[in-house]
Amino acid sequence: MKEEFFHHLWKYKLFEIQELKTVCGQNLQIDKVGEHNTDSGPDFFNAKLQIGDVYWAGNVEIHIHSSDWYLHKHQYDKAYDNVVLHVVYDYDKPVIRSSGEILPTLELKGKFDQKLFLKYDSMMSNLLWIPCQEHFLKINDFIKQAWLERLLFERLERKTNQIRNELLKNNNNWEQTLYFFLARSFGFNINAEPFELLAKSIPYACLLKHKNSLFQIQAILFGQAGFLEADFIDDYPKKLQAEYSFLKSKFNLTPINVHLWKFLRLRPSNFPTIRIAQFACFIYSNQNVFSKILDINSIDQAYSMFDLSAEGYWKTHYSFDLVSKEMDKKMGKKSTDIILINAVIPFLFLYGKVNDEAKFQQLAIDFFEQIDSERNNIVLKWQEMGLLSRSAFQSQSLLELKTQYCNAKKCLTCSIGINILKKDSL
Ligand code: SF4
C-alpha cells in the first residue's frame, strides 16, 4: 500500500463520511480537508474539522500505520505540532502529543471501497503503455482536453524555468541566452549537447564582432566544434583552418572535442557539419536575434528567419573532403518547427511573463496552434488511444502527459487518473 493512495482518499473524501468517529470514539466532522502539501511538513494544511465538541483549524498527517509517526520521527519535529488529525489506514499504536494528550486519529481500514484500491493497485503495477490504458477510453473527452490544455502551460513553465536559470548565469543577457538555446535546438535530439557546448565555448558577442562575414562565422563555429583539426585536401576547409587559427588566438578560444558529434544513423542532411553550416548562416542573417524575435508578429515572419540554406561548398558536400551530388541544404519546415517549439516560443512566452506583456504570451500560444503537430512515437501512440493531435499545442501537451505523468505513474495528480479513481467510477 502506498501513502499517496490515502492522500487521494482524504483529498476527495472517498470513504464513508457519515457518522465518522475517531479511534477514541469521538464524533468527527470534516468541513474542509485542507490544501494538499507535496513539500516537507504535514500532508494537508489548514483543514477545518469538528472533533467531539471542539472546532479545529490545523494540519492533517496521513500514514499507513499510526506507528509511522514515530518511525518518521515527527515527535521531534515542530512542523508537526499543529497536526489536529492523524489519518491512518491501520491504527497500531496511539500517538501521544508533547502535552501528553492522545492525537485524534481516524482509521480508514474498512471505511473505503476495496475495489477502488484494487483499481489503483492494478494501474500502478501493470506494464501497459500507460498505467490507465484499460480505463482511458471511458473518460469524457472534455476532461481530457481541459487537462491537456493545462499541461501545455505546465510544459511552458518547465521550459521557461530552464531559461530563467540560464539567464541568471548570463547576467540577464537575453541575446546570449537565446543563442545557447537556439544552438541546442539546431542539434535536434542527437547533437543537442555538443551544439550547446559549442555555443558555450564562444561568447555570442565574439560572433557578432564578425557579423558581416559568413566565412569568419563559419571558421569560428567549425573550428570551435573541433572539425578543423585535420589535414585537408580541399581548399575550403584549409582556408577555414587558417582563418580559425587567427581568430582562435584573437579570442583565446578552446575547441570542444570533435568526438562528441554524432553522425551514426543520421541522414546526411542532419549531419552536424550541415547543421553547423546552417547555424552559421542563421547567425549571419539574424544579428541580434532576440530583438528580432520580439518584432515578429506572425508565424510567417518566424518561419522566414529560418528560411536559410548552407551554401557554396556545402551544396556538394555533407562532410569535409567528401564530394556528394549537388543538393540544396535548406532548413526543412519540420526542423524549423522544432526550433520554434523548443527555443523561440518559450522565449517569447517568458519575456511576456517577466515584463507583464500579455501580447508575447498570446503570440507564443498562437504559434503553438499554428504549427503542425509533431509526429513521433508518443504522439502516434496517443492517436491510437483516440487522442488526435492537429497542432503543436496538442502534441506538446501529449508529450508532457506521457513523459512527466504517465511514465512517472503520477496518476493521482492527473485529472484523468483522478476521474478514473472516483467513487462513482466503480
Ligand atoms: S498519468 Fe493520467 S493519463 Fe497517464 S496513465 Fe496515469 S491517469 Fe492515465
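Sorted by class, the lining of the largest pocket has 16 nonpolar, 15 polar and 16 charged residues. (Here Ala, Val, Leu, Ile, Met, Phe, Trp, Tyr, Cys and Pro count as nonpolar, Asp, Glu, Lys and Arg as charged, and the others, Gly among them, as polar.) Before you click on, know that this is a predicted model, where local features need pLDDT of at least 70 and side-chain atom pairs count only at pLDDT 80 or more, while totals for chains, interfaces and linings use all residues. Residues are numbered from 1 along each chain as its sequence is written, and side-chain values use heavy atoms, with hydrogens and water left out.

**Stop 1: the largest pocket**

What is the volume of the largest pocket? About 1,600 Å³. To find the middle, select Phe188, Asn189, Ile338, Asn342 and Glu374, which are the closest to the pocket's centre of the 47 residues that line it. (The search runs on a 1 Å grid over the protein atoms alone: a cavity is a set of points where a 1.4 Å probe fits but cannot get out, a pocket is an open set with protein on both sides within 12 Å along at least five of seven lines, and lining residues have an atom within 4 Å of a point. Grid points are joined across faces, edges and corners, and a volume is the space filled by probe spheres set on the points.)

Now colour helix H13 (333-354), which brings the largest share of this lining, nine residues. Helix H4 (141-169), helix H5 (174-186), helix H10 (272-285) and H16 are also among the helices that each supply at least two residues. (Helices, H or I with at least four residues, and strands, E with at least two, are DSSP runs numbered from the N terminus.)

**Stop 2: the second largest pocket**

Next, select Gln75, Tyr80, Asp81, Arg97 and Ser98. Of the 14 residues lining the second largest pocket, these are the closest to its centre. This pocket has a volume of about 220 Å³, and its lining divides into six nonpolar, four polar and four charged residues.

**Stop 3: the cavity and the ligand**

How many cavities of 30 Å³ or more are there? The count is one. About 90 Å³ of space lies in the largest cavity. By class, you'll meet 11 nonpolar residues, one polar and one charged.

Which space does the ligand take? The largest cavity. (A molecule sits in a cavity or pocket if more than half of its atoms lie within 2 Å of its grid points.) Select the residues around the ligand: Ile130, Pro131, Cys132, Leu401, Tyr405, Cys406, Cys411, Cys414 and Gly417. (A residue is near a molecule if one of its heavy atoms lies within 4 Å of it.) Eight of this shell are nonpolar, one is polar and none is charged. Helix H16 (residues 392-406) gives the most to the shell, with three residues.

**Stop 4: the strands**

Switch to cartoon view and pick strand E3 (residues 44-51) and strand E4 (residues 54-65), which pair in the antiparallel sense over six bridges. (Two strands pair if DSSP finds at least two bridges between them.) Click lysine 48, whose bridge partner in E4 is alanine 57, then alanine 47, which stands opposite glycine 58 in E4. In the hairpin of E3 and E4, with two residues between the strands, glycine 52 takes a positive phi near 65 degrees.

Now look at the neighbours:

- Strand E1 (residues 28-32) runs antiparallel to E3, joined by four bridges; lysine 32 has lysine 48 as its bridge partner in E3.
- Strand E2 (residues 35-36) and E3 pair in the antiparallel sense over two bridges, with glutamate 35 opposite phenylalanine 45 in E3.
- E4 and strand E5 (residues 83-90) pair in the parallel sense over six bridges; in E5, the bridge partner of glutamate 61 is histidine 86.

**Last stop: zoom out**

Colour domain 1 (3-112) and domain 2 (170-370), into which the protein chain is divided. (Domain bounds come from an automatic or database domain assignment.) The centres of domain 1 and domain 2, taken over C-alpha atoms, are separated by 56 Å.
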